[in-house]
Every structure is written in C-alpha cells, then in structure tokens.
Amino acid sequence: MSAPHLKLLWQKKQSDVFRYLNRIRCWEYRQSKAITRVSRPTRPDRARRLGYKAKQGFVIYRIRMRRGGRKKPLPKGCVNGKPANQGINQIKNARSNQAIAEERVGRKLKALRVLNSYWVGEDSSNLFIEVICVDPAHNTIRNDPHINWICSAKQKHREMRGLTSANKKSRGLGKGHGYAKTIGGSRAAAFRRYNAVRLLRKR
C-alpha cells in the first residue's frame, strides 16, 4: 500500500477496516511485554515523517501504557495538608502519556537516544506507543550528516528534559499564532521577560 493510502487509513479511525485491525493488533500487543522491540514500524509513513530511516542504528520499541487518570500515592488517603490539596482520585498527569512513554523507554534503554514516537493503538485500558530510538555509537549514524546531531553529548536523555516533540507539546511550546506566551521556554520565562523593568544606567 502506498504512503498516501496508508496515511488515509490511519486518519479514518472509525472505519470498519481500521476498527477491526486495531482490535486484532491490541490483542496481540497485550500478550507481549510492556516494552518490546519490533522489527519494523507499524506505521512506516508516520515513522519516516518523524525521522526514521530503514538503516542500521535505528530501532523501534513498542510500549504499553495504562490509560486514564492517576491516584495520589498517600497512606490511608491522608494528605496532612491544606484542604486545597486533599484530592486523591481525580489526579491528571501534567504531561501526556506519550511523553511519559518516551521517558520509560529512555530509562530502560540507556545507551540509545529517543528521537520521536507515535500512536499505534489503544483499547479500554491500554495505550500503545512506538518509540524511535537511535544508537549514537553506531558508525552508520555517526557518519550520516542528517542524523549525527543526536550523537552530541547534550542530546543524552532528551526525553527526560522535555526536548522531544511530545514533551514540547506538553510544555506549550510551538511556532506561530497561539504560542507567543511561551517564547523563551515557558509561561513563567515569558512573563518575567515581558514584565521586567529595564532601566538604562545613568553615567
């Protein structure tokens, strides 16, 4: 199937074909471990748009995440604080499940660099994400001018420091209209810059 047709199939998630494929895939994914290596990307068109190449040094890992909110881990549900912080059950993550999935893969595979990730399926309880990883020690990667930027030491654990695409989305970063309030790294940084009083020194 050509790339445009593949893209169209993944866009129409309510279609009978996709719902059937998703149900079969999710059954298969549930049988495997939480983090497992896959031989090729489930969505080759999406993986290539995110930087994947079918060459040595690129690897794909699939991770299973629990869907839904989180419960605050407190003994007997006692916060011992202000009433504003008494919430236990309806706690939401500040970052997306996709960003947390990248972090878990990065912790598991310490020698690899996380490039990007994409959605491959979900059921009532689980979310499945495929993460594109790169081996910075591989000569094929080091000699490729398009990807050898990731071999730099400052790219270590970029998924932990909010530098991947999913993390930047959670941080509210982007380009163009609607992202002016986070120029400079965050809303706090932008606020400080806009509201700082700068006076020329009298000499």
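Predicted model: local features only at pLDDT ≥ 70, side-chain atom pairs only at ≥ 80, totals over all residues.
**Entry 1: helix α2**

I started with α2 and found F18, N22, C26 and Y29 buried. These four cover an arc of only 65° around the axis, so they sit on the same side of α2.

Helices (H or I, at least four residues) and strands (E, at least two) are DSSP runs numbered from the N terminus.

Residues are numbered from 1 along each chain as its sequence is written, and side-chain values use heavy atoms, with hydrogens and water left out.

Back to the helix. What does the face of α2 turned away from its buried side carry? I found the exposed residues D16, V17, R23, W27 and Q31 there. The buried residues of α2 pack against α1 (3-11), β2, β3 and β4, where contact means heavy atoms within 4.5 Å.

α2 has 16 residues and reaches 24 Å from its first C-alpha to its last, close to the 22 Å expected at 1.5 Å a residue. The expected span is 1.5 Å times one less than the number of residues.

**Entry 2: the sheet**

Next I looked up the strands. Four of them form an open sheet in the order β1-β2-β4-β3, with antiparallel pairing. The edge strands are β1 (35-38) and β3 (113-122), since each pairs on one side only. From one strand to the next the twist averages 30°. Two strands count as paired if DSSP finds at least two bridges between them.

How many bridges join each pair? I noted these:

- β1 and β2 (residues 58-66) run antiparallel and are joined by four bridges.
- β2 and β4 run antiparallel, with nine bridges.
- β3 and β4 run antiparallel, with eight bridges.

I also wrote down some partners. V38 has I60 as its bridge partner in β2, and T36 has R62 there. I63 stands opposite I129 in β4, while G121 is partnered by F128 in β4. A hairpin of three residues takes β3 into β4.

**Entry 3: two strands, two patterns**

In a regular strand the side chains alternate between the two faces of the sheet.

Is β4 covered on one face or both? Both: N126, F128, E130, I132 and V134 are buried on one side, and L127, I129, V131 and C133 are buried on the other. That makes nine of nine residues buried, so β4 is largely enclosed by the rest of the structure.

**Entry 4: helices across the sheet**

I went back to see what the helices lie on. α2 (residues 16-31) lies across β2, β3 and β4 (126-134), at about 120° to β3. α4 (residues 97-108) lies across β1, β2, β3 and β4, at about 120° to β2. Axes here are lines fitted to C-alpha atoms, for helices over the stretch in contact, and angles run from 0 to 180 degrees between N-to-C directions.

α4 has twelve residues and spans 17 Å from first C-alpha to last, close to the 16 Å expected. Its buried residues include A99, I100, E103 and V105, and the buried residues of α4 pack against β1, β2, β3, β4 and α6.

**Entry 5: I147**

Where is I147? I found it in the loop between α5 (139-142) and α6 (165-171). I147 is buried, at a relative accessible area of 6%. Leaving aside neighbours within four places in sequence, I147 is in contact with F58, L115, V134 and I141.

**Entry 6: cysteines**

Last, I looked for disulfides, meaning pairs of cysteine sulfur atoms within 2.5 Å. I counted zero. C151 is buried at 18% relative accessibility, whereas C78 is partly exposed at 38%.

Technical notes: Buried < 20%, exposed > 50% of the residue type's maximum accessible area, 1.4 Å probe, protein only. Arc of directions from axis to C-beta.
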